[in-house]
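Here are my notes on this one, written as numbered points. Keep the viewer open while you go through them.

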Amino acid sequence: MAIHILVLLLGQTLLINWRWIGVMAHTGVEISGAIIAFFVAMFLLRDERFGRGSHYNIPIAAALLAMGIFDTCHALVAVGDTFVWLHSLASFAGGVLFVFICAPKHWHFINSHPWWQLSSLLACLIALTSVIHPELIPAMVLDDKFTGWAIFLNLFGGCLLFICAIKLVLSYLATKNVDDLLFCLHCFLFGAAAIMFQQSSLWDAPWWGWHFLRFMAYVFALWFVIRSELRAFDELDNHRHALELAVNERTQQLQQANEGLQITLEQMAQTRDQLVKKEKQATLAQLTTQKSLDELTLAKDSLVQAEKMASLGQLVVGVAHEVNTPLGVCVTSNSAIKDNILVLSTAIESEKLTRQQLRKNLVSLLEYQEIIERSLNKAGNLIQSFKSLAVEQDTDPEVEINLSAYLHSVINVVKTVFKSKNYHIDLSIDDSLNLITYPSAWNQILTNLLMNSHIHGFQERQQGDISIVVRESYGYLTLDYEDNGKGVAQEIKHHIFDPFVTTKRGQGSSGLGMNIVFNLVSCKLAGTIKCLECEQGCHFKIELPVLYPEL
């Protein structure tokens, strides 16, 4: 800003009649700036692949490439309307493309590679058309003064660049990313140069002044590249230093372990000598002790294996029984479908099929198909729940979902299991909350919590209230699940997340539901789950980090 004001004052006072027609110098400045723009744009596109640089790598790269293209053509053409037109297009295109950093989050194409390729191709076509067909260009210079077209294009582009500078300042204040601040200065200098354009004429002091400001803007962009590379070298050096420290520390540990081993070997040698002397006296005692130890070990292993097999057997029997019911319904419905088809076939062959009979049979077939579909879905869900015990679904991808819509769909599905129960389920969540996560994990967590309330909390009850509150704050998600059921006994609460812990052993419950929830929250979602104290019912609190979709 100080340079801006100083050049304008000099241009209006001491240097009011000063002119320097330095065509070669001008060409050198513009070509240098264009080369820097191409260089920085390539580094921004490279940094985008590694998740480094500014938050707006691709929009900024697209703007720099377009400006570099127009500035290169501007530097190579003769002074005249085309000369000023191409420079004005550089300021205009830079402002228009830079301002896309303010685009809404759902405009994902702005952050895609085709965006900078398309904008660069369009800039090349416009620049070549301007050079080949100068007669299409409006008048840009009249008596060494810039026309309204030239002033409009530069002022418009400059105002947009100032808007971008403000956006980048806000981004820096929110994220403390210094790269955003560097490009804020870049936009500010380009905007100041575009504003100064209208206060200058060809080759005068303000004209050279805004060229200097533009070159400084390119230098700030080049400093971004230099700073990024220096930071990468520093990180590499820090990693190397950390590795050296780790190696030295490990070497010291190994040396200490070796010294300890030598001492242990000496002690063992002394002990061995003492044992040799007492071997005859202790032989009988050792044999007796070893025999007792072997018997205890075998007994312990047998008990552990028996307990595991008993728990697994109960689980398998329960799952098999539950799966057999929907499969039996499928077999019965399939037989009914077969009978209906035989009736239709007989009617068709005898040419006695009526419209009413066809409609009735079609309705029956549709009902049986729906019954089979529901039963197969139920069987599939039971089998999937059984498979999820290990919680090792590496093939389950992380995808972007709207959490509110997804949780509502899970609740609607689980409600079908409650049948005639009259439960009131209240879900409080921001409808616009989008995140990248594992949908199946949320499905199993919420399903197990709801089924626990249904089976244990609301046992022998027709009504119950369930409250689910989801809050997002500072990159973390909190889910509070509460019901007004009979609650969890104190002797169970401290072990509720352990495997095979249940109050309905032998009544269809395996005791693995809350263990699955714990493993999903802690291992798959990298969060925590707690069973909190409450006056009535149960209260589970889940906290986990949030991964937001890219802008």
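**Notes on the model**

1. Asp480 and Arg471 form a salt bridge, with their closest N and O atoms 3.0 Å apart. By salt bridge I mean a side-chain nitrogen of Lys or Arg within 4 Å of a carboxyl oxygen of Asp or Glu. Asp480 is buried, at 9% relative accessible area, whereas Arg471 is partly exposed at 41%. The cut-offs here are under 20% relative accessible area for buried, over 50% for exposed, and partly exposed in between (1.4 Å probe, protein chains only).

2. Before going further, a word on what you are looking at. This is a predicted model, so to speak of local features a pLDDT of at least 70 is needed, side-chain atom pairs count only at pLDDT 80 or more, and totals for chains, interfaces and linings use all residues. Residues are numbered from 1 along each chain as its sequence is written, and side-chain values use heavy atoms, leaving out hydrogens and water.

3. How many salt bridges does a search of the whole structure find? It finds three. Another of them joins the side chains of Lys493 and Glu533, at 3.4 Å from N to O. Lys493 lies in helix α12 (residues 490–493) and Glu533 in the loop between β8 and β9 (538–545), so this pair ties together parts that are 40 residues apart in sequence. Lys493 counts as buried at 13% relative accessibility, while Glu533 is exposed at 55%. Helices (H or I, at least four residues) and strands (E, at least two) are DSSP runs, numbered from the N terminus.

4. Asp273 and Arg272 also meet in a salt bridge through their side chains, at 3.9 Å from N to O. Asp273 is partly exposed, with a relative accessible area of 41%, and Arg272 is exposed, at 54%.

5. Now some backbone points to check. Glu460 has a positive phi of about 60° although it is not a glycine. You will find Glu460 in the loop between α11 (439–457) and β6 (463–473), where it is exposed at 76% relative accessibility. Ala526 is another non-glycine residue with a positive phi, near 55°. Ala526 sits in the loop between α13 (513–524) and β8 (528–532) and is exposed, at 53%.

6. Which residues does Tyr368 touch, leaving aside its neighbours within four places in sequence? Ser333, Ala336, Ile337 and Asn340 are in contact with Tyr368, contact meaning heavy atoms within 4.5 Å. Tyr368 belongs to helix α9 (residues 355–387) and is partly exposed, at 27% relative accessibility.

7. Leu170 is exposed, with a relative accessible area of 52%. Ile166, Val169, Leu170 and Leu173 make a nonpolar surface patch of about 360 Å². Patches are made of residues with over 30% relative accessible area and no salt bridge; like charges are joined within 9 Å, and nonpolar side chains (Val, Leu, Ile, Met, Phe, Trp, Tyr) within 5 Å.

8. Finally, the overall picture. The protein has 13 helices and nine strands, and buried residues make up 38% of its 551 residues.

Definitions and conventions: Areas by Shrake-Rupley, 256 points an atom, 1.4 Å probe, with all protein chains shown as cover.
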